[in-house]
Every structure is written in structure tokens, then in C-alpha cells.
Amino acid sequence: MLPHLNIKGRKIWMLSALLLIGIVFSFCHIKISKVTIPASAKVGDVVPIQLDIDESCNSGGSDRLILGVLMPKGWKGTQNMTATYKSSKGDGAFTMVPLTTLAAHGDGKNWPDYMRATFGIAGNLIDDMEWVVMQSDNPFTYANGDKITGSIFINLKVGADDNPTVVKLAYVVANTSNGFTSDTYFDEGYGPTAEYYNQYIGDCFTVTGGSGDLVDFCNPQLTTISPPKSLDNDLVTISFDANVTETVLSGSDEVYLCATGTTNDGQTIKICEQTTRTLMKPVGGGRYEITLWPRAFFGVSDSQTVTNMTYFITDKTGTKQVGYGNTTAPFTYKFKCG
């Protein structure tokens, strides 16, 4: 027996509704069926990524394919990513979509901003990510009943910022006409929904090597620094999350920053005191923050710059310390921009 809907006392048979779909609605449902990518790479490697695509159409039309890849800003994806495609509708290449191009149904946003507003940063924990968006060089023409298959081949040079990284890469495919819209066939949430787009979030991808600090977008961090990239003349906020895991500071009613700055002339300046200068302010949920101006905090001269900083989080006695990975090793941070 076919299922039916009971709306306002009337039975509407699913079969009848399905027969009307081809008349009332028109769409090309698109899906990323598989993503193939190495588990890890080294800074500077060109990583091959393959997206396998399936698309089903119940109307005729012509569109370009949109491809978005979420990655760290420091990788400079617009300079370091290329892509080609092979499909049952032909082969070709992708080109970067100009930032001046407004996205269909994007409320006046360009494609990267539209992706950011729709998909965010795909579960990554540090907001230093960007969507890099490309489009197929040629439109593809489709007809009612077409089943389109193909693969997108991405070459992405990773680690332009020279930082070892752990990150969730994400991918979005769509078409230039429909953007990130969908159709629901029946009222009140009944029936299938056809999406004109699809998102795929990958597992944590590891980039090793490089001379910078490890940037872990995937795993909850005991401490974070905002903004992730800054100079010693910028205001920076250091956060400590006491709920990430059990530490020697669990249960402490006050926590403090203990930091050592290194200057361009090789001087080290240690500020490790339990005063209002280093007290971290509770901000709720077991989190603490301190905002500082590094130049003033370390008291450097006009001719000096603070190049890097190591630090611990301590209790009010100064005898209990939490470091990187909940060990006795200090957290590290290098001052740099871009």
C-alpha cells in the first residue's frame, strides 16, 4: 500500500503527489558522493583532492557549476588552488569567481560571503577560515531526466603561512542559477526536499612541517589567542577554557597569566605575578580571558619588538601551572601578520 497524507481530513495519496512533481517543480539535485584526499601532507605540498559528483535533473536548462572550498586564510587559496573537471557533459577547468560577482539568491552577497553566511566554518574551532570559490569555465546544458556524473580534481598547495595545521576542510557544490536553495514538495514538512547544492565536511586533515606554531582548528584548545595573527602593537585576547579537560587548575577560583616575551634583540622579559595585571577575567562557562597590549605588558623600548611569547596559566599561588596539551611545556605564540 502506498503511504498517504491526512491533511484537514482529506487523504492525499503520495503517488498522485509524486506524479505532479515533474509538473510543479523543476530542479537538478546535486550531491558530492565521495571525497578522496590524503590523510596528511607537509607544508608546501600540492595536495590532490577528488570530488565525485552526481546530479539528477527533471527540467531543461543551462548553468555553470560552483565549487567552494573552506580552508585556513593563511593558505592563500585564491593563489594556491586550481581545479579541473571531467563529466558526462564534458571536461574543462574552473576559474576563480570575482568578488564583485553577486551570488544567486544571496541577498546581495558575493559567493564567498554567501557561503560563509550559509555554512559558517563547518565545525572548525578557530575563526581564521575562508571560502575560496570557483566556477566551471563553460556552462553545462541539461534536459529533463538527465543523470549527470563527474569528478572535480583539485590541486591545493597547503601551508602558505608556514604553519603546521590540523583542520577540517569542507566543500560545497552548487550552480550559478539556484545558489543554496531547495524545494520541499509537500506542505507541513511532508515529502522529500530537493537541494540545488550540497556540502561535504571532511575529517581532520593534518599538515606537518613548517617553522610556525601548530594551528589546530579541530580539537578543543585549553587556550586560544584572538586575533590568531597579530603584531606586538595589537591588542590580543588570551582565553583559557577550564572545561576542556581536567587540569591542576580545576576548581581554582582565580587564574593568572604567566608569560615570557622574547624581543628582536634577544632579550627575554618574564611577567609572572599574581596581580590585577595578570588576572584573567571569568566570562562564563568555565572560560577566562585577559586582553593585553604586548608592547606595554612586557615594557619594551621604542627600538624593540616582541617577536614571540611563551606562557602558562597559573593559580593564585603561582605554584600550579597549565601548559600546552595540559603538560609542563609552555604555550607558544609568534607575533606576525597575514
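In which sense do strand β4 (residues 40-42) and β16 pair, and over how many bridges? They pair in the parallel sense, over three bridges. Welcome to a short tour of this structure, which is a predicted model: local features need pLDDT of at least 70, side-chain atom pairs count only at pLDDT 80 or more, and totals for chains, interfaces and linings use all residues. Residues are numbered from 1 along each chain as its sequence is written, and side-chain values use heavy atoms, with hydrogens and water left out.

**The chain as a whole**

- The secondary structure comes to four helices and 26 strands; helices (H or I, at least four residues) and strands (E, at least two) are DSSP runs, numbered from the N terminus.
- The chain has 338 residues, and 44% of them count as buried. Buried means under 20% relative accessible area, exposed over 50%, and partly exposed in between, with a 1.4 Å probe and protein chains only.
- Among contacts in the chain with a separation of 6 or more, 73% come from residues 24 or more positions apart; a contact means heavy atoms within 4.5 Å.

**Nonpolar cores**

- A nonpolar core is a set of buried Ala, Val, Leu, Ile, Met, Phe, Trp, Tyr and Cys residues joined through side-chain atoms within 4.5 Å.
- The largest core holds 54 residues, and Leu51, Ile152 and Ile154 touch the most other members. Strand β13 (residues 165-175) gives the largest share of this core, with seven residues.
- A second, separate core has 26 residues, including Met280, Phe297, Val322 and Tyr333.
- Ile152 is in contact with residues from several parts of the sequence, among them Ile49, Leu67, Tyr85, Phe94 and Val173, leaving aside neighbours within four places.

**Strands around β16**

- Two strands pair if DSSP finds at least two bridges between them.
- β16 is also joined to β13, by eight bridges, and these two strands run antiparallel. Here Val173 stands opposite Asn198, and Val173 is one of the contacts of Ile152.

**A four-stranded open sheet**

- Four strands form an open sheet in the order β18-β19-β23-β22, with antiparallel pairing. The edge strands are β18 and β22 (281-284), each pairing on one side only.
- Neighbouring strands of this sheet are turned by 30 degrees against each other on average, direction ignored. For such angles, axes are lines fitted to C-alpha atoms, for helices over the stretch in contact, and angles run from 0 to 180 degrees between N-to-C directions.
- Strand β18 (residues 223-226) has Thr223 and Ile225 on its covered face, and Thr224 and Ser226 on its uncovered one.
- Four bridges join β18 to the antiparallel strand β19 (residues 236-241), where Thr237 is the bridge partner of Ser226.
- Ser226 is also joined to Pro227 by a cis peptide bond, with omega about 0 degrees; Pro227 is found in the loop between β18 and β19.

**The largest pocket**

- About 810 Å³ of space lies in the largest pocket. On a 1 Å grid over the protein atoms alone, a pocket is an open set of points where a 1.4 Å probe fits, with protein on both sides within 12 Å along at least five of seven lines; lining residues have an atom within 4 Å of a point. Grid points are joined across faces, edges and corners, and the volume is the space filled by probe spheres set on the points.
- The pocket is lined by 36 residues, and the closest to its centre are Ile126, Leu214, Val215, Gln221 and Thr223.
- β17, β18, β19 and β26 (331-334) each supply at least two residues of this lining.

**Loop residues to look at**

- Gly210 sits in the loop between β16 (198-208) and β17 (215-216) and is partly exposed, with a relative accessible area of 44%. Gly210 touches Val43 and Asp162, not counting residues up to four places away in sequence.
- Asp162 lies in the loop between β12 (147-157) and β13, and its phi is near 65 degrees, a positive value in a residue other than glycine.
- Thr278, in the loop between β21 (268-272) and β22, counts as buried because its relative accessibility is 0%.
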